[in-house]
Amino acid sequence: MQTKHDLKLLSTYLDSQFKFMGFRFGLDGLIGLIPFVGDAVTMTCSMYIVFRAILLKYPTSIIIKMVLNVMIENLMSLIPIVGNLFDFIWKSNVKNIKLLEDYDLNPHATVRSTKAKLWLLVLSVFGFFILSFYLIIKVTTFIIESFLN
């Protein structure tokens, strides 16, 4: 039977293995400093945790939340310097293991909470696009009217 012990160990190595002046960090932040290769290696490790959760048959809402945690970290990594700092702060692997542990302790509450957060995210993104579309129309209208007058 597959267990999560190795996943917890991997997440610890990646996100919180070391301690410096009270701040915990892991190999994710350090390996992420290697241009091009670093982020690919750490994302592969993070996605391994997600794929194992799929094999362990965790619910879709939990898997989606885990993927989002990894995506946030890797999208932020695209920003020079800020992304490297973010790698040390955003601990997607620890968050994902916590999500699995929460589910194991209280599946219904965890799924309900995760679904609520996902819906909030979807509505926020939808609202952002509506607001962006509105602003684009307003700015375009303003520019067109400025040229016509």
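Trainee: Okay, starting with Ser16: is this residue buried or exposed?
Mentor: Ser16 counts as buried, because its relative accessibility is 15% and buried means under 20%. Keep in mind that this is a predicted model.

Trainee: Where is Ser16 found?
Mentor: Ser16 sits in the loop between α1 and β1.

Trainee: And which residues does Ser16 touch, if I skip those up to four places away in sequence?
Mentor: With those skipped, Ser16 touches Ser11, Arg24, Phe25, Gly26 and Val94.

Trainee: Phe25 is on that list. Is Phe25 itself buried or exposed?
Mentor: Phe25 is buried, since its relative accessible area is 15% and the cut-off for buried is under 20%.

Trainee: Let's talk rings. How many aromatic pairs does the structure hold?
Mentor: Six. One of them is Phe23 with Phe25, a stacked pair with 6.4 Å centre to centre and 15° between the planes.

Trainee: Why give both a distance and an angle?
Mentor: Because a pair of aromatic rings is described by the distance of the centres and the angle of the planes.

Trainee: What about Phe23, how accessible is that one?
Mentor: Phe23 has 36% relative accessibility, so this residue counts as partly exposed.
Mentor: Another stacked pair is Phe86 with Trp90, at 5.6 Å centre to centre and 15° between the planes. In that pair, Phe86 is buried, with a relative accessible area of 18%.

Trainee: Which residues form the aromatic cluster?
Mentor: Phe18, Phe23, Phe25 and Phe88 form one cluster together.

Trainee: Where is the place of Phe18?
Mentor: Phe18 lies in strand β1, residues 18-20. At 32% relative accessibility, Phe18 counts as partly exposed.

Trainee: Switching to helices. How far does α3 reach, end to end?
Mentor: α3 has 19 residues and reaches 27 Å from its first C-alpha to its last, close to the 27 Å expected at 1.5 Å a residue.

Trainee: Which residues of α3 are buried?
Mentor: The buried ones are Gly38, Thr42, Ser46, Met47, Ile49, Val50, Arg52 and Ala53. What covers them includes α1, α2, α4 and α6.

Trainee: And just after α3, which residue takes a positive phi?
Mentor: That's Lys57, with a phi of about 65°.

Trainee: Now α4. What span should that helix have?
Mentor: Helix α4 runs over residues 60-76, and its 17 residues should span 24 Å at 1.5 Å a residue. The end C-alpha atoms of α4 are 24 Å apart, which agrees.

Trainee: Which residues are buried in α4?
Mentor: Ser61, Ile62, Ile63, Met66, Asn69, Val70, Glu73 and Asn74 are buried there. Their cover includes α2, α3 (37-55), α5 (82-89), α6 (92-105) and α7 (107-148).

Trainee: Last topic, Trp119. Where is its place, and is it buried or exposed?
Mentor: Trp119 is in helix α7. Trp119 is exposed, because its relative accessible area is 57% and exposed means over 50%.

Trainee: How far apart are Trp119 and Pro35?
Mentor: In sequence, Trp119 and Pro35 are 84 residues apart, and in space they are 35 Å apart, C-alpha to C-alpha.

Definitions and conventions
Residues numbered from 1 in each chain as written. Predicted model: local features only at pLDDT ≥ 70, side-chain atom pairs only at ≥ 80, totals over all residues. Heavy atoms only, no water. Helix = DSSP H or I, 4+ residues; strand = E, 2+ residues; numbered from the N terminus. Buried < 20%, exposed > 50% of the residue type's maximum accessible area, 1.4 Å probe, protein only. Expected span 1.5 Å × (residues − 1). Contact = heavy atoms within 4.5 Å. Phe/Tyr/Trp six-rings, centres within 6.5 Å; stacked < 30°, edge-to-face > 60°.
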